[in-house]
Structure formats: structure tokens, C-alpha cells
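Visitor: I have a model on my screen and would like to learn how to read it. Please take me through it feature by feature.

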Amino acid sequence: MLISEILKASILIVDDQEANVMLLEQMLRKAGYAHITSTMDPHTVVPLHLAHRYDLILLDLQMPEMDGFQVMEGLKEIETAGYLPVLVITAQPAHKLRALQAGAKDFVSKPFDLVEVQTRIHNMLEVRLLYRKLDNYNKALEQTVLERTAELRESEARFKSLTELSSDWYWEQDPQGKFTKVSGPVFDMLGIDADNTDGVLSIAAAGRWNEAERVQLEDNIANRRPFLDFIYSRRNADGTLQYLQVSGEPMFDSASLFIGYRGIGMDVTERMNRDLEK
């Protein structure tokens, strides 16, 4: 991460001793930090952070009326994701572990070692800003996924609409070759009782189909090959031949796993009979 990004971070100093506030402000400004706010009143920390969302809060633990632990409890109500950008300042060794358990990310001891304070501030800001970048990236990625999903659904709706206009029926199959979705009058065309199919009848297995054509069609599907304008026939009960023309393509999910087929079909019996008469 660039140093310039870290130096642009917003910092809040919280200490009831004016000398400590001045010392920390002077140190930070000398190091190049430009966005520094301070307060000696712990009651103002929560509303200040709510308004400005500081990248780092330097928080003294020992203050009258309201100590640093109470301040952190108030900050938790704002930082619902659980990340408190707090570096505590304490002269009590026993308070260090308690502060970390309360949600603080690091601590510095009084009296100050300015080199140590600068190092801990820099390191904590680097982590904080990386955490924020990651959070923003995840939100942007989530939004992109939502947008792409909406676009895909719209595209599929357009595809289905167009195929329905240019064919007699639209169909989808599951990985086992059973029909899961059929729109159009295909069942009526084939004389099949749709009420008894539960939506999963394999049409190619019904009726008196031309065996060679049926085997070829099933071979295409079994090997997950797309096919275009494939014509196969069946003999009706009255002895006449019925010709169907189908096109299909395999479908895969986001993990490239095969999830079935989709395609279109139409009855081309009249066209085929005309061609055969020529």
C-alpha cells in the first residue's frame, strides 16, 4: 500500500490530558498525517465516529466519568461488522489484555515511546485500509454478480421468447435425459397425455420412432454435442409418418458441470412430405 494512502487516513485522538493530546498531534503531523481530530471528552467519541468513521482512534483507557472500555462498548454499536479501529493508550499493564479482549486492535504504553507509537499507528492503518479495500471489493463483486445474473436471466428470457416464436416448442432436459421443461403443443402433436408425464417424459422414448434416427439423436445427447435442425420420424397409429425437427445445446453451470440440454423443436411433416413428392 502507498504511504500517501496511509497518510490520508483520518485519525481521532481521545485523551483527557491536554499535554498528551498535543504530543500525539505534533507527532502525527510531523510524520505527515493530515486528517487529525482530537477530543478530551469521551462522551463525544461515539457521535464523532458515527459522523466521520475514522480509520483509527487513539483511545486513552483511564479517563474520568467515562473510561475507554465504556467508549469501546459504544463504538461496537456502530461497528456492527465487529472491527473496532481502536489503538488503546494505557499505563496499566493489566489493562492491555482486557482491552484486546474488549475489541481493541493494539495498544501503546505510557509514557510514550514515539518511535513505537508511530510504528504501531502505521501498521494498524495499513491493515485497516486493506480491510476496507477488501470490503469495498467484495461489495463491488457482489453487485457485479447481481448485475450479471440479472443480465443472464434477461438474456435467457429473450432467447426463450425468440425460440418460441421460431418453433413449435421449447424444451429442457436434466443430466439424465428427462424433460424438465416443455413449452408448446408438443404433447398434443405426439398424442401424449401430458397429465401423466409429471413433466419428465423422455419424448424420444415414446411412440414408434425410427430406430436409427433415435439412436443417432441419443448419441448426440449422450456425448453432449450440440445439434442443429436434426430430423427424425415416428409412425402414427394410422400408418402415416410424422417428422420432427429439433435443435439443442448442452448446458453447463458456473463450475462447468453438465446440467442438461435445452433447445427447440417443430413439426415439419408437411414440408418433408412435399419434398418427398418432388
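Guide: Start with the core. A nonpolar core is a set of buried Ala, Val, Leu, Ile, Met, Phe, Trp, Tyr and Cys residues joined through side-chain atoms within 4.5 Å. Buried means under 20% relative accessible area, exposed means over 50%, and partly exposed lies in between (1.4 Å probe, protein chains only). Here the largest nonpolar core has 21 residues. Leu 24, Leu 28, Tyr 33, Leu 56, Leu 58, Ile 121 and Leu 125 have the most contacts inside it.

Visitor: Which elements give two or more residues to this core?

Guide: Elements are DSSP runs, numbered from the N terminus: helices are H or I with at least four residues, strands are E with at least two. The contributors are strands S1 (10-14), S3 (56-60) and S4 (86-90), with helices H2 (18-31) and H6 (114-165). H6 supplies the largest share, 5 residues. Apart from this core lies another, of 20 residues, including Val 45 and Leu 75.

Visitor: What is Leu 56 in contact with?

Guide: Contact means heavy atoms within 4.5 Å. Leaving aside neighbours within four places in sequence, Leu 56 meets Ser 10, Ile 11, Leu 12, Pro 85, Leu 87, Ile 121, Met 124 and Leu 125.

Visitor: What should I know about the model itself?

Guide: It is predicted: local features need pLDDT of at least 70, side-chain atom pairs count only at pLDDT 80 or more, and totals for chains, interfaces and linings use all residues. Residues are numbered from 1 along each chain as its sequence is written, and side-chain values use heavy atoms, with hydrogens and water left out. The protein has 9 helices and 11 strands. Of its 278 residues, 39% are buried.

Visitor: How do I read a pocket?

Guide: Rolling a probe the size of a water molecule over the atoms shows where empty space is left. A pocket, on a 1 Å grid over the protein atoms alone, is an open set of points where a 1.4 Å probe fits, with protein on both sides within 12 Å along at least five of seven lines; lining residues have an atom within 4 Å of a point. Take the second largest pocket, with a volume of about 260 Å³. Its lining includes Arg 53, Glu 79, Tyr 83, Arg 128, Asp 135 and Lys 139. By class, the lining has 4 nonpolar, 2 polar and 6 charged residues. Charged means Asp, Glu, Lys and Arg; nonpolar means Ala, Val, Leu, Ile, Met, Phe, Trp, Tyr, Cys and Pro; the others, Gly among them, are polar.

Visitor: And backbone angles?

Guide: Most residues other than glycine have a negative phi, and most peptide bonds are trans. Now look at Arg 224, with a positive phi near 55°. Arg 224 sits in the loop between helix H8 (211-222) and S9. Asp 229, in strand S9, also has a positive phi, of about 50°. For the peptide bond, go to Lys 110 and Pro 111: the bond between them is cis, with omega near -5°. Pro 111 lies in the loop between strand S5 (106-109) and H6.

Notes:
Grid points are joined across faces, edges and corners, and a volume is the space filled by probe spheres set on the points.
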